[in-house]
Amino acid sequence: MQENKIKNAFKRFFALDASAVIVAMVVLVALISILAPQITGGTFLTKTNIMNIFRKQTYIGIIACGMTLVMITGNIDLSVGNMMTLLTVICALLTKSVGPVPAIFLTLLIGAACGGLNGVLVGPLGLNAFISTLGTTSIFYALALIISSGFTQRAESKLFDVIGSGSLWIFPVPVVIMAVVVAIFWFVLKRTVYGQQLYAIGANKTAADFSGIRSKVQVMVTYILTGLCVALAAIVMIARSTSANPQAAGGTEMDVILAVVVGGTSIAGGKGTMFGTVLGFLFIGFMTTGFTFLGMNEYIQSIVTGVILVAALSFDVIKARRSKL
């Protein structure tokens with residue numbers, strides 16, 4: 001009887017979309033914890049290290065929330081890295097000209113507009129998401145360089161000190177902001193009609209259209225929400241660093257996509273959860289921090305990251321084929 005209960009528990013666990021990343025994270029943390037004292041003489045699982053991982057993954061985590069919605073509809077956004085670069089530059093310049101509070105509000109507004117641009121191209125105009133956002137990422141990068149003249153822009157204020165370095169009880173403010181964003185997007189996906197419509201669009205867009213779902217509009221909204229997430233991440237980034245480097249956030253999109261895919265969101269659409277996304281960006285955080293802690297070369301880390309992304313995509317395709325069969 002006890003054996004059957006254990007077997008059923010294992011079956012329920014491995015039926016979860018995020019079961020693979022949970023197992024991988026446990027194995028990864030265990031290996032790093034065992035190897036760390038031998039290689040560096042230090043302890044990996046400390047309160048400071050764990051809090052640093054959460055703090056480091058704040059930007060990735062916030063953007064990954066919006067990207068999850070986009071990918072559930074079967075689309076993608078390759079522009080989030082350079083969009084964040086552009087928005088950090090804009091936020092820094094606005095802080096110096098109009099003050100931090102108006103700068104934050106305007107940055108969020110411009111972020112929504114940037115996301116809206118992607119949304120119009122992919123939604124109402126029906127262009128390919130990969131090509132469209134690849135085009136806008138070049139536009140955002142060029143604008144960041146033009147606006148900043150290629151120089152790092154500084155932005156200092158007491159409000160940014162609180163956002164970037166403050167704490168709420170034992171939790172850093174950036175981590176609290178990320179947790180609030182995760183909670184909001186979890187509610188949107190789990191408890192709203194809009195969230196359920198996104199799954200329907202990703203599973204079968206034609207069927208969703210025939211059922212009365214305005215798929216083009218809903219897809220556009222996912223991109224606007226992603227733009228807001230990118231703007232919020234840019235605000236947190238500039239609050240922590242008090243400066244905006246026009247080349248600082250390049251490549252962020254790969255970390256975001258990796259976190260979402262590793263967390264179980266299907267690249268083909270129709271499947272994904274916020275719980276999986278959280279596990280995904282935490283896994284990336286533990287992996288990169290752990291490899292750095294062990295003194296691994298950054299180029300080797302890039303290779304490992306690429307292998308994991310390819311493996312995750314391959315696993316997703318294999319699962320999709322098996323479900324069709």
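Here is a short walk through this structure, from its helices to its aromatic pairs and a patch on its surface. Keep in mind along the way that the model is a predicted one.

Let us start with helix 9, which runs over residues 173–191 and so has 19 residues. From its first C-alpha to its last, helix 9 reaches 26 Å, close to the 27 Å expected at 1.5 Å a residue.

Next, turn to helix 5, residues 80–98, where you will find Met 84. Met 84 has a relative accessible area of 1%, and because buried means under 20%, this residue counts as buried. In sequence, 153 residues separate Met 84 from Met 237, yet in space the two are 9.1 Å apart, C-alpha to C-alpha.

Now for the aromatic rings. Searching the whole structure turns up three aromatic pairs. One of them joins Phe 44 and Phe 286 in an edge-to-face arrangement, with 6.4 Å from centre to centre and 70° between the planes. This pair links distant parts of the chain: Phe 44 sits in the loop between helix 2 (19–39) and helix 3 (47–56), while Phe 286 belongs to helix 14 (residues 274–293), 242 residues apart. Both partners are buried, Phe 44 at 2% relative accessibility and Phe 286 with a relative accessible area of 11%.

Trp 169 and Phe 171 give another edge-to-face pair, because their ring centres are 6.0 Å apart and their planes meet at 65°, where over 60 degrees counts as edge-to-face. Here Trp 169 is exposed, at 74% relative accessibility, whereas Phe 171 is partly exposed, with a relative accessible area of 34%. Going back to Phe 44 and Phe 286, ring pairs link these two residues with Phe 293 into a cluster.

With a relative accessible area of 48%, Leu 31 is partly exposed.

Notes:
Residues are numbered from 1 along each chain as its sequence is written. This is a predicted model: local features need pLDDT of at least 70, side-chain atom pairs count only at pLDDT 80 or more; totals for chains, interfaces and linings use all residues. Side-chain values use heavy atoms; hydrogens and water are left out. Helices (H or I, at least four residues) and strands (E, at least two) are DSSP runs, numbered from the N terminus. The expected span of a helix is 1.5 Å times one less than its number of residues. Buried means under 20% relative accessible area, exposed over 50%, partly exposed in between (1.4 Å probe, protein chains only). Rings of Phe, Tyr and Trp (its six-membered ring) pair if their centres lie within 6.5 Å; planes under 30 degrees apart count as stacked, over 60 as edge-to-face and the rest as tilted.
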